[in-house]
Amino acid sequence: MRTKTIKKNKINVVTLGCSKNVYDSEVLMGQLKANGKNVVHEDPEDDGNIVVINTCGFIGKAKEESIDTILHYAKRKEAGEIDKVFVSGCLSERYKPDLEAEIKNVDQYFGTHDLPNLLQALEADYKHELIGERLTTTPKHYAYLKIAEGCDRPCSFCAIPLMRGKHISTPIEDIVTEVTKLAAKGIKEVMLIAQDLTYYGLDIYKKRALAQLLEALAKVEGIEWIRMHYAFPTGFPMDVLEVMKREPKVCNYLDIPLQHINTELLKSMKRGTTHEKTTALIHKFREAVPKMAIRTTLIVGYPGETEEMFQELKDWVEEMRFERLGAFEYSHEENTGAYVLEDDVPAEVKFKRVNEIMEIQSQISWELNQEKIGKTFRCLFDRKDGEYFYGRTESDSPDVDNDVIVDAKEHYIKIGEFIDVKIHEAGDYDLYGTPVKKQEKPVPLNQKRK
């Protein structure tokens with residue numbers, strides 16, 4: 001077995017889970033780079049001799065992926081292929097004693113608030129002055145922006161407060177500083193993320209301040225799209241809609257997880273709302289901003305969900321016609337409020353119900369997409385894959401929403417640019433179109449224009 005590395009330390013950061021974890025990894029990498037460390041994100045060559053795994057511990061499948069990844073790198077360490085393995089993030093925060101007992105071939109485990117200690121283990125100093133200095137791992141034209149940490153909501157199915165703690169808002173001036181630095185690097189779109197955008201500002205300003213934050217960010221030169229993810233329905237600050245209407249940089253888009261619609265289940269979930277109040281809120285959104293694309297997520301198979309309750313949910317999805325929707329099976333998580341309830345919906349029923357919801361949504365999405373044929377949309381292009389360019393409208397967030405697809409054999413598009421695209425075909429989710437204005441393909445360096 002190798003006892004001493006023969007190459008310079010290279011730190012490979014592996015990120016699992018949600019966009020909030022991506023952000024945390026980027027902050028860690030920014031700190032390491034400032035300390036002169038050689039750091040990479042999910043090194044394709046997998047030749048980093050020090051590995052940091054930023055884990056997810058939200059639901060069963062995510063936990064399994066995190067554990068499998070830890071075991072993979074622990075075995076590589078045992079084989080002498082890497083020198084050190086460190087584990088951080090939500091799974092480590094939630095299950096540190098169990099992990100230390102079960103997977104011993106890890107050098108150290110760290111929680112979600114242990115960045116200074118993790119840096120110390122990596123022989124780096126935590127630099128307080130590095131506000132906004134992070135190594136973004138997303139494409140060069142967009143970035144996630146975490147505006148708060150933790151959550152004060154009591155949702156019975158959710159383990160996030162166990163892993164992330166109480167809600168802590170980041171001051172507006174610090175967020176503006178960070179976005180200004182991102183814009184200077186060429187970032188054009190920022191996606192605001194938190195466990196709960198709705199609560200932003202209550203802890204530090206004693207009022208909901210999401211609208212004020214949006215207004216401040218809209219003044220940052222270079223930023224063209226500001227997108228909101230993960231708002232809580234109860235107590236949503238309606239002045240946000242006023243900013244959305246008058247400020248073109250704020251996307252007509254809102255990600256607001258609603259989870260269910262049956263009032264009895266919503267009460268058990270401790271969501272603080274009812275069927276009637278939730279429906280009224282969506283109608284208010286659409287009255288205030290008719291062009292708004294609403295993304296939501298739903299949980300099926302929560303304890304006590306009967307066929308009648310599920311039918312109510314299906315009927316409501318058909319009625320609401322959400323622009324974007326995802327459905328997930330309930331995961332019975334220890335130490336959550338719902339864990340004392342019987343997980344009484346069989347796994348096969350949960351699976352079937354997810355598919356039924358997504359079949360309804362697929363038809364809704366197809367119908368909404370047909371209305372876009374013949375229309376022109378401003379699109380931001382993220383990537384070229386094979387013979388096609390993939391972009392997004394204002395109504396779409398990367399990785400989770402629809403794509404606008406352009407034939408690369410017929411057209412050239414510069415990645416990271418906004419292009420007007422006329423739609424000529426539409427499927428269940430994706431749109432197919434033609435650029436309105438032709439872009440010149442750059443001439444290779446070894447050739448000259450005639």
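These are my notebook entries on what I looked up in this predicted model.

**Ground rules.** I number residues from 1 along each chain as its sequence is written, and I use heavy atoms for side-chain values, leaving out hydrogens and water. Since the model is predicted, local features need pLDDT of at least 70 and side-chain atom pairs count only at pLDDT 80 or more, while totals for chains, interfaces and linings use all residues.

I looked up the unreviewed UniProt entry, which lists residues 9-127 as "domain: MTTase N-terminal"; its positions are in the numbering used here, feature names are shortened, and annotations may be inferred rather than shown by experiment. The end C-alpha atoms of this span lie 21 Å apart, and the span is 46% helix and 18% strand, where helices (H or I, at least four residues) and strands (E, at least two) are DSSP runs numbered from the N terminus.

Not counting residues up to four places away in sequence, Cys 90 touches several residues, among them Cys 56, Met 163 and Arg 164, contact meaning heavy atoms within 4.5 Å.

I place Gln 195 in the loop between strand S9 (189-193) and helix H7 (202-205), and at 16% relative accessibility Gln 195 counts as buried. With residues up to four places away in sequence left out, the contacts of Gln 195 include Lys 20, Cys 151, Arg 164 and Tyr 230.

The axes of H6 (residues 172-184) and H8 (residues 210-218) come within 10 Å and cross at roughly 30°, the axes being lines fitted to C-alpha atoms over the stretch in contact, with angles from 0 to 180 degrees between N-to-C directions. H6 and H8 are therefore roughly parallel to each other (angles under 35 degrees count as roughly parallel, over 145 as roughly antiparallel, 65 to 115 as roughly perpendicular and the rest as oblique). Ile 172, Ile 175, Val 176 and Val 179 of H6 make the contact with Gln 212, Leu 213, Ala 216 and Leu 217 of H8.

Definitions and conventions: Buried means under 20% relative accessible area, exposed over 50%, partly exposed in between (1.4 Å probe, protein chains only).
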